[in-house]
Amino acid sequence: MFGRVIEGTIKNVIIASGNIEIPAPYVELGCLIGAALVSNIIGCKNYANITAQNTVAGIVGASANTTIENCENYGNVTNTNSSGNIGGIVGWSTGMTIKNCINTGTITNSTESTGGIAGNLSISGGSNTVTNCINRGQIRGQQYVGGISGRAESSKIENCTNYGDVTGDNRTGGVNGSSLSLEINNCVNYGSISGNGNTGGITGWVFGSSGTITKCQNYGNITDTQTDVGGIIGRIYTDVPCTVSHCINEGNVSGVFVVGGIVGGSTSSKLNISYSYVSCNIKNTDSEVTGGGIIGHWMPGDKIDHSFFVGTSQGGVHPFYSTKWMNIGNWSKMSLTTCYSVMNTSKLYTQGDFSTFQVIQGVNQGYPVMQELFSIVQEPNGSAVLQFFTNNGFTLY
């Protein structure tokens, strides 16, 4: 509809139907706007399908220093080129504020950077924030594939939810595929996640100066045909300071090598996992113990605190972390405090202060839960319910 919008406002425009097919490659294409710069896109909806080449989206193809708010895409978005970034709302973006947006269309990309809301959140023009967004469509791509964003650089993603199944070849996640200095807060994934290396329930790959994931939950099953697969993070690459706190994984995790209930693999010695909970089946087809109830591959200096695993395992899985590399140099120097694991009904406690844990009848199979992570709610029928982070309303029975 609009080729380019510069310092403008597009508001309450609805594309009611249609099928858009562009056989020749273009730089940026959107059902509503091709490219937007320093603009505001508010309350717009798209119901048309679009098939094109390169950077493609349901609302805006490419955008910089722009706010996209209360927009919805219901059309299918497809890129048939060997390059490009595609998303339900925006394909490529930088310096962006994206909030209260919804995608229900199927997003299909034959190359990298594919997301239900944004394909690529680039740092080239400034940091990005994505808040209160929902994806319900199926997401299919090659590498950098996520339910909310495919690739995110210097970005913050908050209060977002993915319900769609996500399939990628490398760096695939329920919320984000690949990240460079990313913060993800209070996000949830319900979709099934499938990848071929570096696959996570929340994000597939963490890289850059830092990574922070807090109050996130994964309930979708995660399947990877290669290595580095985790309930929250697939892989943390290089020596990135990374914090994972107050997270839950209840999706089954299955991989060939380096598999973990929270983190698949880490090459960072600055990882801190705390106040997190895993309840699932973990399958590691490697004959050696390269999987763990909390983390697969880890580095000296990594820390796990006030976290626990209650579930089952198949293959080479340790109750907490992989033991394959334990006898190499100082590899045994990992901090594990106030944690416990109940794997295949075998109760395994570590040493620590469990005064913040308590046993509640009918909750968590009778095993202790952390008071700081949950609050206890009494149902009208008298049963006890654990409520996870009372401000968001999610409950765990």
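**View 1. Strand β53, covered on both of its faces.** In strand β53 (residues 340-343), Y340 and V342 on one side and S341 and M343 on the other are all buried, where buried means under 20% relative accessible area with a 1.4 Å probe and protein chains only. Strands here are DSSP runs of E with at least two residues, numbered from the N terminus. In a regular strand the side chains alternate between the two faces of the sheet. The model is predicted, so that local features need pLDDT of at least 70 and side-chain atom pairs count only at pLDDT 80 or more, whereas totals for chains, interfaces and linings use all residues. Residues are numbered from 1 along each chain as its sequence is written, and side-chain values use heavy atoms, with hydrogens and water left out.

**View 2. The neighbours of strand β53.** Two strands pair if DSSP finds at least two bridges between them. Strand β50 (residues 308-315) runs parallel to β53 and is joined to β53 by four bridges, with F309 standing opposite S341. The pairing of β53 with strand β54 (residues 346-349) is antiparallel and also has four bridges, and here V342 faces K347 as its opposite residue. These two strands, β53 and β54, form a hairpin with two residues between them, and N344 in the turn has a positive phi of about 55°.

**View 3. Strand β39 and its parallel partners.** Strand β39 (residues 242-245) is joined by four bridges to strand β34 (residues 203-214), the two running parallel, and C242 of β39 stands opposite G211. Four bridges likewise join β39 to strand β44 (residues 271-274), again in parallel, with S274 in β44 as the bridge partner of S245.

Terms used. Buried means under 20% relative accessible area, exposed over 50%, partly exposed in between (1.4 Å probe, protein chains only).
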